[in-house]
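Me: Please walk me through some side-chain links in this protein. Keep it brisk.

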Amino acid sequence: MKLMLDHVDSPYIRCIGFLYLRYAADPNVIWHWFEQYLYDSEMFRISANVGTPEITVGEYVRMLLTEMEYYGTRLSRLPVSIERDIKVRLLQAEQIKNRAQEHFRDSRRMKFFQVGSRIRALYGDEENPVTWYDAVIDKVIFENDELPPSFVVTFPEYGNTENVSLGEIDIPGNEFERYAKHSHDSRDYNNSLAKRNSEQMASKGNQGHKHQYSQAKSHAGNGRHNIRHPPEIHHHSSEEFNEQNLMQKVLRQEREKSAAKGRAYAARPATFKESISHSNDYGQKRQRTHSPESTQNKKNHPDEGKNFKSVCRANDGLNMSAQTKKKTPQELAAIEEKKRKLIARYG
């Protein structure tokens with residue numbers, strides 16, 4: 001199964017593996033299989049229609065975990081407790097991804113994440129929920145310049161060492177203030193700030209950003225002034241990653257989704273017998289359709305249909321007349337004699 005999910009020949013082979021797991025795997029192990037592929041960036045087109053936009057394998061995986069409808073069919077329903085737990089884990093994974101992107105775009109943060117820096121890191125196991133702990137960076141692992149690095153950190157409170165991603169670490173407020181106070185790289189930071197603002201201006205095409213870019217560029221030339229007033233760094237609260245808070249968010253989203261779709265969304269799904277009965281009712285009410293040949297024959301010979309109807313009506317009249325014809329006394333006597341013999345023989 002692992003070879004299929006990591007297949008290098010085609011993303012469709014991988015997606016068949018994910019779809020098989022969604023249908024056939026034990027719901028308790030689905031997250032274990034899907035977790036590392038939530039943000040897989042390989043692109044593919046899921047529909048045969050060329051106009052359908054491409055999506056990533058990660059988007060496909062998240063769709064299998066969150067949606068019930070799958071291109072004209074329905075996926076198997078997950079137990080409610082497991083489904084909500086998966087939604088909480090998806091929110092946590094989204095926060096980790098966004099935090100990694102925020103760190104990776106900020107040159108000051110990346111310079112702070114070096115060996116020996118005191119940070120906060122996420123950790124959890126089967127007995128303890130995932131939460132923030134104080135940690136120290138032991139090693140920085142760079143795969144390439146385009147991807148964020150990973151880190152080997154030690155938790156002084158417990159003494160264990162773990163490998164964490166960029167999104168699973170953060171900067172304590174007092175540690176970063178101390179680092180910014182003793183840093184002499186203000187000119188590099190201001191140049192990077194001006195570059196980021198210019199990219200924002202180019203992407204948004206707004207005249208107001210030209211003024212913002214000119215201000216940032218003018219401040220970049222005065223590094224001494226800017227080091228005294230560095231921009232405020234947002235520190236992520238531990239409450240943002242709290243599982244109870246995320247579960248409340250999941251429940252709120254479910255209520256909003258139910259209210260948006262009306263009562264039909266919360267209705268009990270039809271059982272197998274009910275679906276069969278509905279299909280039978282539909283089949284009984286369905287009218288007979290004529291083939292193209294019979295339709296064309298009716299157009300070419302319109303009198304044949306009238307003659308056929310007249311013959312049928314005549315036969316019906318004969319049958320009715322035969323049924324309503326009175327029996328003669330001899331026929332009635334023969335019937336009575338037959339009844340008497342049957343009663344005498346069989347009682």
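Me: Which residue forms a salt bridge with Asp-6?
Reply: A salt bridge here is a side-chain nitrogen of Lys or Arg within 4 Å of a carboxyl oxygen of Asp or Glu. The closest N and O atoms of the Asp-6 pair are 3.6 Å apart. This is a predicted model: local features need pLDDT of at least 70, side-chain atom pairs count only at pLDDT 80 or more, and totals for chains, interfaces and linings use all residues. The partner of Asp-6 is Lys-2.

Me: Is Asp-6 buried, partly exposed or exposed?
Reply: Buried means under 20% relative accessible area, exposed over 50%, and partly exposed in between (1.4 Å probe, protein chains only). Residues are numbered from 1 along each chain as its sequence is written, and side-chain values use heavy atoms, with hydrogens and water left out. Asp-6 has 35% relative accessibility, so it counts as partly exposed.

Me: How many residues apart are Arg-14 and Glu-42?
Reply: Arg-14 and Glu-42 form a salt bridge, with the closest N and O atoms 2.5 Å apart. The pair links distant parts of the chain: Arg-14 is in helix 2 (residues 11–24), and Glu-42 is in the loop between helix 3 (30–34) and strand 1 (43–44). Helices (H or I, at least four residues) and strands (E, at least two) are DSSP runs, numbered from the N terminus. The separation of Arg-14 and Glu-42 is 28 residues.

Me: What separates Arg-89 and Asp-85 along helix 5?
Reply: Their side chains meet in a salt bridge, at 2.9 Å from N to O. Arg-89 is partly exposed, with a relative accessible area of 34%. Because Arg-89 and Asp-85 are four residues apart in helix 5, the separation is about one helical turn.

Me: Which backbone oxygen does the side chain of Ser-117 reach?
Reply: Ser-117 lies in the loop between helix 6 and strand 5 (118–123). At 9% relative accessibility, Ser-117 counts as buried. Its side chain reaches out to 2.6 Å from the backbone oxygen of Phe-112.

Me: Which residue is the bridge partner of Thr-154 in strand 8?
Reply: Strand 7 (residues 150–154) and strand 8 (residues 161–165) run antiparallel, joined by five bridges. Two strands pair if DSSP finds at least two bridges between them. The partner of Thr-154 is Thr-161.

Notes. Polar contact = N/O pair within 3.5 Å; in protein donor to acceptor, adjacent residues only side chain to side chain.
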